[in-house]
Amino acid sequence: MNDPGVLCPLRALTGIPCPLCGGTTVFIEFGSGRPGQAVLANPVALTGAIAVAAAPLGLGERWWALQPKTRAWMLGTALVGSELWQLVRFGVLRV
């Protein structure tokens, strides 16, 4: 695998990963036939990519049918969960 290095500006400047860190790795790993490694890199980014790909199949309509507060709560929860995942993944937070 060809590692592109740190692409996240927040992580490059502070050493702290953002909630979307690992997004590039998700696509590299998934495209290389390693879905398990893609999930470990960032499950939220992978889920988001799958949701965007499935949107034309009707998933998009279901998303926009939700109340705005529900969508905001779901996105906020996903981002907080993703940030916690990244902090543990990079060893900033120990569990």
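Because the model is predicted, local features need pLDDT of at least 70 and side-chain atom pairs count only at pLDDT 80 or more, while totals for chains, interfaces and linings use all residues. Residues are numbered from 1 along each chain as its sequence is written, and side-chain values use heavy atoms, with hydrogens and water left out.

Start with the cysteines. The whole structure holds zero disulfides, a disulfide being a pair of cysteine sulfur atoms within 2.5 Å. Cys8 is in no disulfide; its nearest cysteine sulfur belongs to Cys21, 3.5 Å away. Cys18 is likewise in no disulfide, and its nearest cysteine sulfur, that of Cys8, lies 3.6 Å away. Cys8 is buried, at 11% relative accessibility. Cys18 is buried too, at 17%. Here buried means under 20% relative accessible area, exposed over 50%, and partly exposed in between, with a 1.4 Å probe and protein chains only.

Now turn to helix H2, residues 23-31. Helices are DSSP runs of H or I with at least four residues, strands are runs of E with at least two, and both are numbered from the N terminus. The buried residues of H2 are Gly23, Val26 and Glu29. Seen down the helix axis, they fall within an arc of 125 degrees, so they line one face of H2. That arc is taken from the directions from the helix axis to the C-beta atoms. The buried residues pack against helix H3 (35-41) and helix H4 (43-54), where contact means heavy atoms within 4.5 Å. On the other side of H2, Phe27 and Gly31 are exposed. Gly33 follows H2, with a positive phi near 80 degrees.

A search of the whole structure finds one salt bridge, defined as a side-chain nitrogen of Lys or Arg within 4 Å of a carboxyl oxygen of Asp or Glu. Glu29 pairs with Arg34, the closest N and O atoms being 2.5 Å apart. Glu29 is buried at 8% relative accessible area, whereas Arg34 is partly exposed at 33%.

Last comes the surface. Leu10, Ile16, Val80, Leu84, Val88, Val92, Leu93 and Val95 form a nonpolar patch with about 700 Å² of accessible area together. Patch residues have over 30% relative accessible area and no salt bridge; like charges are joined within 9 Å, and nonpolar side chains (Val, Leu, Ile, Met, Phe, Trp, Tyr) within 5 Å. Areas come from the Shrake-Rupley method with a 1.4 Å probe; for residues, only the protein chains shown count as cover. Helix H6 (residues 68-89) gives the most to the patch, with three residues. Leu93 sits in the segment after H6 and is partly exposed, at 35% relative accessibility.
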